[in-house]
Amino acid sequence: NNKNFAVNPNSADSVLSQYNPVPYNFNYQLTAYTRTIEDATQIVEQILPYFTPDFSIRVNLVQEMGIVKTVPILLDKVTPSIESEGAFDSEVRVVMFTFDFTIKAFIFGGIKSDNLITNSDIFL
């Protein structure tokens with residue numbers, strides 16, 4: 001139950017607070033469709049070098065709180081698929097490469113305004 005705190009630009013008597021984020025793995029797919037295998041392999045050759053083993057980006061996740069984190073994107077697998085229709089000589093082909101990604105991101109709670117502690121009493 002740790003909290004992050006930041007200066008409240010709208011009030012000098014309060015601060016902004018937010019509980020720590022919860023990490024999640026988000027899985028998604030990207031599919032590239034082409035007519036030829038050569039076009040498909042050129043696309044794959046342009047994407048694969050960036051994921052060694054992951055592609056990390058620095059993201060300003062919560063601007064009000066000043067939370068900036070590095071988020072890795074993992075390329076889990078690349079699946080080729082070739083679909084054909086019609087006769088061999090008049091064949092219509094669709095070449096697909098499906099890229100499976102995992103992004104290691106965060107889910108944040110709401111931002112609340114908390115009052116500052118201005119007085120404290122110490123009893124000895």
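**Figure 1. Overall view of the predicted protein model.** The accessible surface of the protein comes to about 9,300 Å², and 53% of this surface belongs to carbon and sulfur atoms; such areas come from the Shrake-Rupley method with a 1.4 Å probe, and for residues only the protein chains shown count as cover. The model is predicted: local features need pLDDT of at least 70, side-chain atom pairs count only at pLDDT 80 or more, and totals for chains, interfaces and linings use all residues. Residues are numbered from 1 along each chain as its sequence is written, and side-chain values use heavy atoms, with hydrogens and water left out.

The protein contains one helix and seven strands, where helices (H or I, at least four residues) and strands (E, at least two) are DSSP runs numbered from the N terminus. Their pattern along the sequence is β-β-β-α-β-β-β-β. The C-alpha trace spans about 95 × 25 × 20 Å along its principal axes. The radius of gyration of the protein is 25 Å, whereas a compact globule of 124 residues would have one near 14 Å; the radius is taken over C-alpha atoms, and the globule rule is 2.2 Å times the number of residues to the power 0.38. Of the 124 residues, 25% count as buried (buried means under 20% relative accessible area, exposed over 50%, and partly exposed in between, with a 1.4 Å probe and protein chains only).

Figure 2. Two strands pair if DSSP finds at least two bridges between them, and five bridges join strand 1 to strand 2 (residues 14-19). In this pairing, asparagine 4 stands opposite glutamine 18 in strand 2. In general, strands of a sheet pair through backbone hydrogen bonds, either parallel or antiparallel.

**Figure 3. Serine 17 in strand 2****.** Serine 17 counts as buried because its relative accessibility is 2%. Its side chain makes a polar contact with the side chain of aspartate 114 at 2.6 Å. A polar contact is a pair of N or O atoms within 3.5 Å; within protein, one must be able to donate a hydrogen and the other to accept it, and residues adjacent in sequence count only if both atoms are side-chain atoms. Not counting residues up to four places away in sequence, serine 17 touches several residues, including Phe5, Met65 and Ile111 (contact means heavy atoms within 4.5 Å).

**Figure 4. Asparagine 8 in the loop between strand 1 and strand 2****.** Asparagine 8 has 10% relative accessibility and therefore counts as buried. A polar atom of its side chain lies 3.0 Å from the backbone nitrogen of asparagine 10. Leaving out residues up to four places away in sequence, asparagine 8 touches Ser14, Val15, Leu16 and Ser113.

**Figure 5. The cis peptide bond between threonine 52 and proline 53****.** The omega angle of this bond is about -5 degrees. Proline 53 is located in the loop between helix 1 (37-47) and strand 4 (54-62). In general, most peptide bonds are trans. Aspartate 54 is found in strand 4; it is partly exposed, because its relative accessible area is 26%. Residues up to four places away in sequence aside, aspartate 54 touches Pro72, Ile73 and Leu74.
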